[in-house]
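Visitor: Could you walk me through this one? I'd like the overall picture and then some particular spots.

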Amino acid sequence: MFLKAIGLGLAAPIAFKLATHATAARSERPRRLFVLFIPHGMPVEHFDPAAPAGALDLAAAPGLNILDPLIPYQAQMNLLRGIEYKGHSNHSAIRAALTNGAGASLEHVVATKLGISAVDLGAVPWRPNDFGPDSQLLHDGTDWVRPEPNPVKASESLLANINSDSEPEQGPSDADFRRAALELTIGEVEALRSELNSLTDEESKLSTHLESLQALKEPGGSAGDAMGCDSQPSTPAIDAVGNESAAGTNGAYFIDKSNFSQIYAAQLELAAYSLLCGSARVMALQTMFANAQVSFSFMGLAKDHHDPLSHSIDLPAREEFAQAQKWLIQTFVDRFLKVLDQPDPEDPEHTMLDNTLIYITSEIADGNAHNCNKARVWIGGEERTTYLPIMTLGGGSGSLRTGRLLEFENRPHADLLMTVCHAMGATVPSFGPNSGSVIEELLA
């Protein structure tokens with residue numbers, strides 16, 4: 001294999017690394033979980049793809065299309081229509097969205113099972129001096145957790161010391177190897193795979209690597225280079241918040257609603273690079289609290305997010321609410337997903353998104369009806385089916401089937417929480433009341 005690689009023009013150190021890959025057994029893929037909570041539901045006429053269960057086609061969605069920013073990622077996405085928070089209703093369901101009233105919230109259950117710690121972040125997650133029921137989303141199994149509202153402070157522990165004490169890798173890194181291999185033609189990759197068949201096991205690390213490279217080189221493949229974590233990453237959103245908050249020392253800044261947009265972007269940036277660089281593996285971000293009266297004037301909507309925006313019943317006002325929710329999704333894409341859409345530093349054969357399970361949810365379905373289930377409501381003189389806006393993104397390290405719209409008739413969300421645990425390798429027998437079984441059609 002070394003001689004074959006030399007014959008294709010690869011430098012000797014790269015060729016040697018390729019040959020060692022040929023005898024290395026395929027290792028278990030890294031697993032990561034990110035939970036994003038977006039309050040107040042979604043206006044279904046600007047959210048639902050208006051199609052039966054099956055292949056997910058976000059481009060076909062009518063109206064403003066809140067999920068339009070996710071179209072480039074829909075092949076790694078699932079939309080679940082018809083999950084219900086059994087026994088919970090209205091904004092108070094925030095306390096059940098990730099716990100099902102059973103104690104620890106999803107990210108803490110997974111982290112505990114994996115023997116690691118969860119990191120909880122928040123963007124204006126509670127009112128000043130009031131961490132009450134409409135703020136309580138995250139639970140460590142003992143008590144409700146106040147998510148860290150200060151991304152500047154959190155970055156000091158999560159990002160500041162990246163690779164500061166690490167020994168330099170001997171020889172070319174996996175990223176170097178990947179870049180060199182990507183310069184090969186599709187024919188040369190096929191030749192290496194053919195040679196591999198006669199030399200070693202198809203289950204080798206190299207077999208997986210070459211299969212991935214061939215897929216990347218096919219039409220529609222993406223072969224972007226990794227940003228890497230050789231040093232502290234560039235974080236302009238966190239830096240901007242630091243500049244405005246006296247280097248993070250002005251605590252009042254982080255629960256001031258007028259600073260929400262900057263803090264949200266900074267927390268997403270922090271989460272993305274913490275996962276990319278391995279300083280965290282299980283994270284949650286609470287985007288506001290239920291009933292949050294945060295003005296969206298920063299995007300030209302001089303109205304508060306909860307009331308009147310989410311409470312809108314007339315169609316023009318509901319479109320304004322859709323614009324606000326779309327901004328939240330677009331910022332999530334720009335500050336988080338685009339960072340994860342690159343080779344995994346720990347597993348260059350796959351992207352970070354391949355090896356991450358992202359769970360997105362809200363406490364209610366329709367902002368005006370305040371239902372927590374799949375239900376028919378009147379919208380603009382027409383009866384429409386509303387449902388909780390619950391999505392997954394990412395491949396979950398190969399544990400999920402993706403690219404689909406799944407339809408249920410008010411299936412308990414305990415089953416979905418169990419399924420996420422299962423996909424993360426943190427199997428649990430139940431997840432509180434109404435637990436039935438995992439959702440098999442979501443699993444690979």
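Visitor: What should I know about the model and its numbering?

Guide: This is a predicted model, in which local features need pLDDT of at least 70 and side-chain atom pairs count only at pLDDT 80 or more, while totals for chains, interfaces and linings use all residues. Residues are numbered from 1 along each chain as its sequence is written, and side-chain values use heavy atoms, with hydrogens and water left out.

Visitor: How many helices and strands does the protein chain have?

Guide: The protein chain has 12 helices and 14 strands; these are DSSP runs numbered from the N terminus, with helices being H or I of at least four residues and strands E of at least two.

Visitor: And what share of the residues is buried?

Guide: Of the 444 residues in the protein chain, 56% are buried, where buried means under 20% relative accessible area, exposed over 50% and partly exposed in between, using a 1.4 Å probe and protein chains only.

Visitor: Now the open sheet: what is the order of its strands?

Guide: The eight strands are ordered 2-14-3-13-10-1-5-4, with mixed pairing, and strand 2 (54-55) and strand 4 (119-123) are the edge strands, each pairing on one side only. Two strands pair if DSSP finds at least two bridges between them.

Visitor: How do strand 10 and strand 13 run?

Guide: Strand 10 (residues 356-361) and strand 13 (residues 390-393) are antiparallel and joined by three bridges; Ile-358, for instance, has Leu-393 in strand 13 as its bridge partner.

Visitor: Which strands does helix 12 touch?

Guide: Helix 12 (residues 413-423) packs on the sheet and touches strand 1 (32-37), strand 3 (77-84), strand 10, strand 13 and strand 14 (404-412). A contact means heavy atoms within 4.5 Å.

Visitor: Switching topic, where is Glu-269, and is it buried or exposed?

Guide: Glu-269 lies in helix 9 (residues 260-276), and it counts as buried because its relative accessibility is 4%.

Visitor: What does its side chain reach?

Guide: The side chain of Glu-269 reaches the backbone nitrogen of Ala-237 at 3.0 Å. Leaving aside neighbours within four places in sequence, the contacts of Glu-269 include Thr-235, Pro-236 and Arg-335.

Visitor: Last one: where is Ala-369?

Guide: Ala-369 sits in the loop between strand 10 and strand 11 (375-379), and at 36% relative accessibility Ala-369 counts as partly exposed. The C-alpha atoms of Ala-369 and Ser-310 are separated by 9.7 Å, although the two residues are 59 residues apart along the chain.

Key
Polar contact = N/O pair within 3.5 Å; in protein donor to acceptor, adjacent residues only side chain to side chain. Axes fitted to C-alpha atoms, helices over the stretch in contact; angles between N-to-C directions.
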